[in-house]
Amino acid sequence: MALDRKAAPNDLNAFWMPFTANRQFKQNPRMFVAAKDMHYTTADGRQVLDGTAGLWCCNAGHCRPKIVEAIQRQAAELDYAPAFQMGHPLAFELANRIIDISPKGIEHVFFTNSGSESVETALKIAIAYHRARGEGARTRLIGRERGYHGVNFGGISVGGIVNNRKMFGTLLAGVDHLPHTHLPAQNAFTRGQPDHGAHLADDLERIVALHGAETIAAVIVEPMAGSTGVLMPPKGYLEKLRAITAKHGILLIFDEVITGFGRLGSAFAAQHFGVTPDMMTTAKGLTNGVIPMGAVLTTAAIHDAFMQGPETLIELFHGYTYSGNPIAAACGIATLETYREEGLFDRAREMEGYWQETIHSLRGLPHVIDIRNMGLIGAVELEPIPGAPTKRAFSAFLKAYEKGILIRTTGDIIAMSPPLIISKAEIDQLIGTLADVLKGLE
Ligand SMILES: Cc1ncc(COP(=O)(O)O)c(C=O)c1O
């Protein structure tokens, strides 16, 4: 029997929507019912240009033929295989393909189902790695203010966004935070990496002096902080973090959930910035956002530290029912093939200049206090309405949607991260429409 799929359901009550103003949404719902390449179709039949690659994930655009076909074929051939003590070839193939595009020195892949799970997995591996090497006192985790590492307890503990933390009790113990790198007074309207702020990495030395390096397992940062409002790493900052962590035997984890798979014009931000961490967390673009999947990438040194003792014993007591799920793996392989065949990482790099000039043309429009960009990411920061933070950007989001473009807001920052297939004409449409929206804002 065919499923009765109504474009406009008549009862919106049951579904408690994530990270959404539920009551506002349900009074005036915004529903997508179809998508193709750069566009969504709304329930009332309008085309909306996707300025955010869904949620930073559909890097190849929507409903791409190779990905659709791979999922359909795999669903009919091998729907599920147990993830523990059993395998299937596609998960191994995908792991190898990820390593092929990873920085030198990254050699192993642990599959998860989301960015949040990748973060939890990496934090657990970091602590367990030190213990396996006889340094069991290294349990502290260092994150950064304004960091976003998903929504599970480890991720919100090392994360630094107050609304994601304050409702949820005491979080993990033994966590500390680096200062964030947002320096609007010095760096506003920077194109690419800002000049000021490398010294903020030196704060790690203060944290080490406070706690003792022998108690610290890992530092986790987003190489480019996305969900907090697009904060680029200052020039020299990541290099410093790498040097200080290496000096003290602390693992460096890059959360590449947004920056992975071409967003900055390289496969990963690690290559873009020329800084290789010990672990990388990924998700989103790994499967073009189509089937939930994440992956933690590690060095051989980390992996090999666990490969000791009797060979019949499980080495790491961690994993998910859906780790390396066959349909997700087929989707991941087809996604990586699409990126490669269409040269999409290079394309992001080639389009960066045009994107940069177009987005910076918004300077001088009402309420715009900063514009920043890198790869195919851009942010426009608005002056908040006094006493009503977030309201101005949210009304920009609603107006933009009415005018046929999808943008994203966090606080009073508008963030854009279009699919890497975006054309110059579509960049003009996206930024031109946003300019109209900004001109009409209160
Ligand atoms: C850097 C980073 N880490 C982790 C996550 C969490 O990913 P997910 O929503 O798939 O759990 C996100 C999501 O935006 C992210 O941007």
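**Domain contacts, sheets and ligand shell**

In this predicted model, 31 residues of domain 1 are in contact with 28 residues of domain 2. The domain assignment places residues 22-60 together with 344-439 in domain 1, and residues 68-341 in domain 2. Taken over C-alpha atoms, the centres of domain 1 and domain 2 are separated by 26 Å. On the side of domain 1 that touches domain 2, the elements that give two or more residues are α2 (53-56), α14 (344-360), β11 (368-374), β12 (377-382) and β15 (413-416). Of these elements, α14 provides the largest share, with 7 residues. When the residues on this side of domain 1 are sorted by class, 16 are nonpolar, 9 are polar and 6 are charged.

An open sheet is formed by 4 strands, which follow the order β1-β2-β3-β13 with mixed pairing. Because β1 (32-36) and β13 (405-406) stand at the edges and each has a single partner strand, one side of each is left without a neighbour in the sheet. The partner of β1 is strand β2 (residues 39-42), to which β1 is joined by 4 bridges in an antiparallel arrangement. Within this pair, A35 has Y40 of β2 as its bridge partner. In general, the strands of a sheet pair through backbone hydrogen bonds, and the pairing may be parallel or antiparallel.

A further set of pairings involves strand β7 (residues 216-221), which is mostly covered, since 6 of its 6 residues are buried. Strand β5 (residues 140-144) runs parallel to β7 and is joined to β7 by 3 bridges, and in this pairing I142 has V219 of β7 as its bridge partner. Strand β7 also pairs with strand β8 (residues 251-255), again in the parallel sense, over 4 bridges. Here V219 has L252 of β8 as its bridge partner, so that V219 takes part in bridges with both I142 and L252.

The ligand is surrounded by 14 residues, and the closest are S114, G115, S116, G150 and V257. Helix α5 (residues 115-132) contributes the largest share of the shell around the ligand, namely 3 residues. By class, the shell around the ligand comprises 5 nonpolar, 7 polar and 2 charged residues.

Methods: Residues are numbered from 1 along each chain as its sequence is written. This is a predicted model: local features need pLDDT of at least 70, side-chain atom pairs count only at pLDDT 80 or more; totals for chains, interfaces and linings use all residues. A residue is near a molecule or strand if its C-beta atom, placed from the backbone, lies within 6 Å of it. Ala, Val, Leu, Ile, Met, Phe, Trp, Tyr, Cys and Pro count as nonpolar, Asp, Glu, Lys and Arg as charged, and the others, Gly among them, as polar. Two strands pair if DSSP finds at least two bridges between them. Domain bounds come from an automatic or database domain assignment. Two residues are in contact if their C-beta atoms, placed from the backbone, lie within 7 Å. A residue is buried if 20 or more other C-beta atoms lie within 10 Å of its own, exposed if 12 or fewer, and partly exposed in between; C-beta atoms are placed from the backbone.
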